[in-house]
Amino acid sequence: AMVDALVEGRASTAARLLHQLLEEGQTAPYLLFMITRQLRLLLQAKELSLGGESASSIKERLGLASDYTLNKALEQGKRYSMKRLEQVYQKLLETDVAIKRGIWKGEHALDLLVAELCPVP
């Protein structure tokens, strides 16, 4: 739910769920991994879709088990241009590096990530 809120631009929900997960004991690196996994799926599904691949072909190539997961990825991917998805993916890398190098504590890095990925209109 937190990753969906983040991808869908619902900043307050994403931030609330992020902090709830951290309070429940989830680690920042694990949460960043989950966010990155979903964004990678969106990027790959969108790229294949734009390349003319059928839904069944995309599902097979990405190794997805359900139509629900594919449809969700394709629907969420419509919110982003390929350029924006690439920018977001780069931001995920920068966040990962900042955490690993000790530039930002995990919680702070994820807060910044939510703020940057869900700008206030």
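Trainee: Which residues are linked in a network of salt bridges?
Mentor: Lys91, Glu94 and Glu116 are. A salt bridge here is a side-chain nitrogen of Lys or Arg within 4 Å of a carboxyl oxygen of Asp or Glu.

Trainee: Before I go on, what kind of model is this?
Mentor: This is a predicted model, where local features need pLDDT of at least 70, side-chain atom pairs count only at pLDDT 80 or more, and totals for chains, interfaces and linings use all residues. Residues are numbered from 1 along each chain as its sequence is written, and side-chain values use heavy atoms, with hydrogens and water left out.

Trainee: Thanks! How many salt bridges are there in the whole structure?
Mentor: A search finds eight. One of them joins aspartate 96 to lysine 100, with the closest N and O atoms 3.1 Å apart.

Trainee: Where do aspartate 96 and lysine 100 lie?
Mentor: Both are in helix α6, four residues apart, which is about one turn of the helix. Helices are DSSP runs (H or I, at least four residues; strands are E, at least two), numbered from the N terminus.

Trainee: And is lysine 100 buried or exposed?
Mentor: Lysine 100 is exposed, because its relative accessible area is 65%. Aspartate 96 has 25%, so it counts as partly exposed. The cut-offs are under 20% for buried, over 50% for exposed, and partly exposed in between (1.4 Å probe, protein chains only).

Trainee: What does glutamate 53 pair with?
Mentor: Glutamate 53 forms a salt bridge with arginine 61, and their closest N and O atoms are 2.9 Å apart. Arginine 61 is exposed at 54%, while glutamate 53 is partly exposed at 27%.

Trainee: Changing topic: how do α3 and α7 cross?
Mentor: The axes of α3 (residues 28-50) and α7 come within 9 Å and cross at roughly 30 degrees. That is why α3 is roughly parallel to α7. Axes are lines fitted to C-alpha atoms, for helices over the stretch in contact, with angles from 0 to 180 degrees between N-to-C directions. Angles under 35 degrees count as roughly parallel, over 145 as roughly antiparallel, 65 to 115 as roughly perpendicular and the rest as oblique.

Trainee: Last one: where is tryptophan 104 found?
Mentor: Tryptophan 104 sits in the loop between α6 (82-100) and α7 (106-117). With 43% relative accessibility, tryptophan 104 counts as partly exposed.
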